[in-house]
Structure formats: C-alpha cells, structure tokens
Amino acid sequence: MTPEDRSRILLSPPVVTRSDIDAVVAAMSSGWLAPVGPDLQAFEEEIAQAVGVSHAVGLSSGTAAIHLGLKYMGVRPGDYVLVPTVTFGATAFAVTYLGAEPVFIDVDESWNMDPALVGGAISSLRASGRRVSAAIPVDLYGTLANYPALIPILAEAEVPLLEDAAEAVGTTCTGGNAGSFGQAGVLSFNGNKLITTSGGGMLVTDDEELARKVRFWATQSREDVPWYEHEEIGYNYRLSNILAALGRSQLRRVAAEVAKRRQIREWYRDRLETREGVLVQSDPRWGGSNAWLSVVRFDPRIHPGTSTRVRSLLDSHKVESRPVWKPLHLQPVFAGATSFLTGSAEQLFRDGLCLPSGTAMAEEDVDRVSNIVLEALQV
Ligand SMILES: *Cc1c(COP(=O)(O)O)cnc(C)c1O
C-alpha cells in the first residue's frame with residue numbers, strides 16, 4: 001500500500017500541506033539544527049496558550065512526557081499508579097520505567113477511567129501498605145474523562161493527577177481544555193494523532209517548578225556550568241527545533257481539523273444510527289471531544305459478533321478500521337496486574353470499532369464506509 005493509492009481509505013493518515021513543508025525547510029535553513037531553537041520555544045508558548053496553561057515543555061514523545069511527569073510526581077519503585085484499562089500501552093509502559101506498577105481501572109460510559117472505582121481502589125491498594133503515587137486518566141479518542149468527578153476524589157486521597165491527553169490535542173471545553181486538568185498534562189504529536197510532528201510530545205502545566213525540572217531532565221540533566229556537570233541522571237528527550245517548526249505549522253490548522261473530524265463523526269452518526277443497536281461515540285455530558293477517531297459500537301444483544309465481521313468486510317473493500325484498544329489487563333505483558341474491573345472494557349473491546357476518520361475524508365468517503373458497515377449488519 002502506498003500513500004498515493006487513492007482507493008484505499010486509511011484510519012487516520014497525517015495531512016501535510018505546502019506550508020508544513022515550507023516551515024520545515026525554513027527551520028533547517030535557519031541553522032538551528034541543535035535540538036533547541038526559536039521554533040521550539042515558540043511552539044511551547046503557542047501550545048501553552050492553546051491549552052490555557054502557563055508552561056509547556058516540548059519532548060520527543062508523549063511517552064517521554066508521561067515518564068518525566070510521573071518522575072516529578074515522585075513515583076518510585078514499588079508504587080502503584082492508576083491507569084484506565086482502555087488505553088494505548090504507552091500510558092502504562094511509562095509507569096514501569098520508574099519501577100512502579102500500573103493498576104488497571106475499568107471504564108465508565110465515556111470509556112474513560114470510571115470515577116466510581118477510584119476511591120475504593122486507592123483504599124484497598126493502600127491497605128496493602130504500598131503507596132499510590134499518581135493517577136493517569138486518559139482522554140480516550142479525544143473525549144475528556146469525567147474530571148468533575150475524578151478531581152475531588154484524587155484531591156481528597158492526595159493522589160496527583162497526570163492527564164494523558166495524547167489523543168485529545170485540540171479538545172476544548174468551557175470547564176478547561178484537554179491537558180489542563182491535572183498537575184500536568186501530556187500531548188502527543190505522533191504520526192497518526194490529530195496534529196503531528198512525525199514524532200513528538202509535550203508536557204503542559206501551571207506548575208513552574210515542574211516545567212523547569214522536566215526541561216532539565218530532558219536535556220541530559222546538564223548543570224548550568226561551562227563543562228558537562230551532572231548531579232542527576234538525565235534523558236535525551238527534547239523535541240527538535242525542526243519538528244517544532246512542523247508542529248507550529250500544523251497547530252495553525254488545529255481548530256479546522258477538530259471541526260472537520262467532528263463533522264465526519266456526525267456524518268457517520270446520521271448514516272449508522274439509523275439502525276437500532278448502533279451507536280457512534282458522543283461527547284460526554286461534562287465536556288467535549290476533538291473526535292480524533294469516530295468509534296462505533298454495536299449492541300451485542302442485537303448485533304452479536306458484529307465488530308469483527310464489519311472489520312473484515314471493510315478490509316476486503318480496502319477500508320482500514322481497528323478494534324478499540326485491547327484492555328491492558330488482558331495484555332500478556334501485564335498478566336496478573338492488579339485491576340478493578342466491571343466488565344465494561346471487555347465488552348467495549350468486543351463491540352467497538354474505530355472507523356476511518358482522516359481529515360481529508362469527503363462525505364462520499366463516509367458514505368462508502370457506512371454502506372459497507374450497514375451491508376455487514378444485514379448478514
Ligand atoms: C499516542 C498515545 C501515547 C503516546 O504518545 P507517543 O507520542 O506516541 O509516545 C500515550 N497515550 C495515549 C492514550 C496515546 O494514544
């Protein structure tokens with residue numbers, strides 16, 4: 001498969017414009033090839049402004065941002081960190097980099113960390129004598145977790161909140177934009193995310209000391225003296241100036257990207273929710289979504305086993321779709337991890353399907369995909 005194979009519809013291909021290319025060329029021509037430079041600083045300021053926080057630190061990935069955010073929060077070997085079980089593995093991988101153990105929490109009706117399970121999980125984990133040193137709610141597919149419920153529970157238990165908004169770049173809400181809900185938030189600009197630097201991420205925060213320390217660790221913990229002096233272990237985690245130039249160019253389009261993705265999701269809703277037992281993910285009652293991916297769910301009482309059948313029919317028509325994230329408590333690498341489950345995540349994994357949602361999609365493309373989905377339902 002090649003990018004110019006127009007008949008194939010991909011899940012979420014990156015969009016690169018002439019201005020993106022010009023921005024990268026200009027950054028290269030400026031001579032700022034060393035990782036830091038004026039585009040990186042400007043990108044950080046623009047992201048902080050867009051999220052509505054005072055500091056942003058450009059990093060090589062969202063995963064690096066989770067790693068250093070947790071490190072600042074004091075996560076140590078043997079600690080527990082709460083992670084929703086429906087997320088990309090990176091959320092939990094970063095926990096293990098610090099020698100801590102992810103504890104998986106099932107999801108609510110928004111498919112995000114279920115606040116009803118969090119208080120009980122913390123008490124029961126603490127009863128074992130170990131620390132619960134952070135919680136990482138994820139804004140799944142760009143949809144905000146239930147922060148109005150999660151924040152007071154975590155504050156009461158004195159558990160720091162790191163918001164994994166990797167999929168939620170551009171999600172805005174009157175109560176706060178994605179990335180602004182915790183002590184720090186994590187954004188990703190990986191290739192398939194809403195805006196991309198090919199690879200890259202950002203830690204956003206109102207905590208000046210947190211931003212300063214993460215920036216320091218990410219540049220090899222280099223002390224401010226003429227020679228390389230190290231009092232702490234460092235990481236090579238900074239975003240490069242060239243990639244930041246690409247990020248700035250992409251960021252100019254973010255509102256238009258979100259509007260288009262939300263439009264695509266409504267096109268799917270108009271076509272697919274005509275059938276009983278078919279639901280396209282909606283905004284939660286407490287907030288918004290960038291509709292990064294349009295996700296459909298088939299009611300198992302009406303359409304048992306449908307998700308798999310739809311996916312293979314789409315594939316035979318050269319349309320890419322993907323199951324919802326496989327719950328992390330079912331992943332071989334996390335076998336035996338402590339989990340607090342209701343069955344919601346496993347149900348969602350069986351019945352959900354991510355549909356093509358790339359910004360370049362036209363209404364005819366959504367028609368083509370929807371007709372295949374509806375055809376599979378008739379079988
Ligand atoms: C993509 C993603 C990450 C990791 O971001 P990278 O920039 O790819 O390291 C973390 N969490 C979630 C939920 C993601 O979707």
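Reader: Where is Val16 found relative to helix H1?

Author: Helices (H or I, at least four residues) and strands (E, at least two) are DSSP runs, numbered from the N terminus. Val16 is found in the segment before helix H1 (18-29). The model is predicted: local features need pLDDT of at least 70 and side-chain atom pairs count only at pLDDT 80 or more, while totals for chains, interfaces and linings use all residues. Residues are numbered from 1 along each chain as its sequence is written, and side-chain values use heavy atoms, with hydrogens and water left out.

Reader: Is Val16 buried or exposed?

Author: Buried means under 20% relative accessible area, exposed over 50%, and partly exposed in between (1.4 Å probe, protein chains only). With a relative accessible area of 52%, Val16 is exposed.

Reader: Which residues of helix H6 are buried?

Author: In H6 (residues 147-156), the buried residues are Tyr147, Leu150 and Leu154. They lie on the same side of H6, because they cover an arc of only 65° around the axis; the arc is that of the directions from the helix axis to the C-beta atoms. Pro148, Ala155 and Glu156 are exposed on the other side of H6. Just after H6, Glu158 has a positive phi of about 55°.

Reader: What do the buried residues of H6 pack against?

Author: Contact means heavy atoms within 4.5 Å. The buried residues of H6 pack against helix H5 (115-126), strand E4 (132-135) and strand E5 (162-164).

Reader: With which residues is Leu68 in contact, leaving aside its neighbours within four places in sequence?

Author: Leu68, in helix H3 (residues 62-72), is in contact with Val214, Trp217, Ala218, Tyr235 and Tyr237 once those neighbours are left aside. The C-alpha atoms of Leu68 and Tyr235 are separated by 9.2 Å, although these residues are 167 apart along the chain. Leu68 is buried, at a relative accessible area of 0%.

Reader: How many salt bridges does a search of the whole structure find?

Author: Side chains of opposite charge can pair when their charged atoms come close. A salt bridge is a side-chain nitrogen of Lys or Arg within 4 Å of a carboxyl oxygen of Asp or Glu. The search finds 21 salt bridges. One of them joins Asp79 and Arg131 (2.9 Å, N to O). Asp79 lies in the loop between H3 and strand E2 (80-84) and Arg131 in the loop between H5 and E4, so the pair ties together parts that are 52 residues apart in sequence. Asp79 is buried at 3%, whereas Arg131 is partly exposed at 35%.
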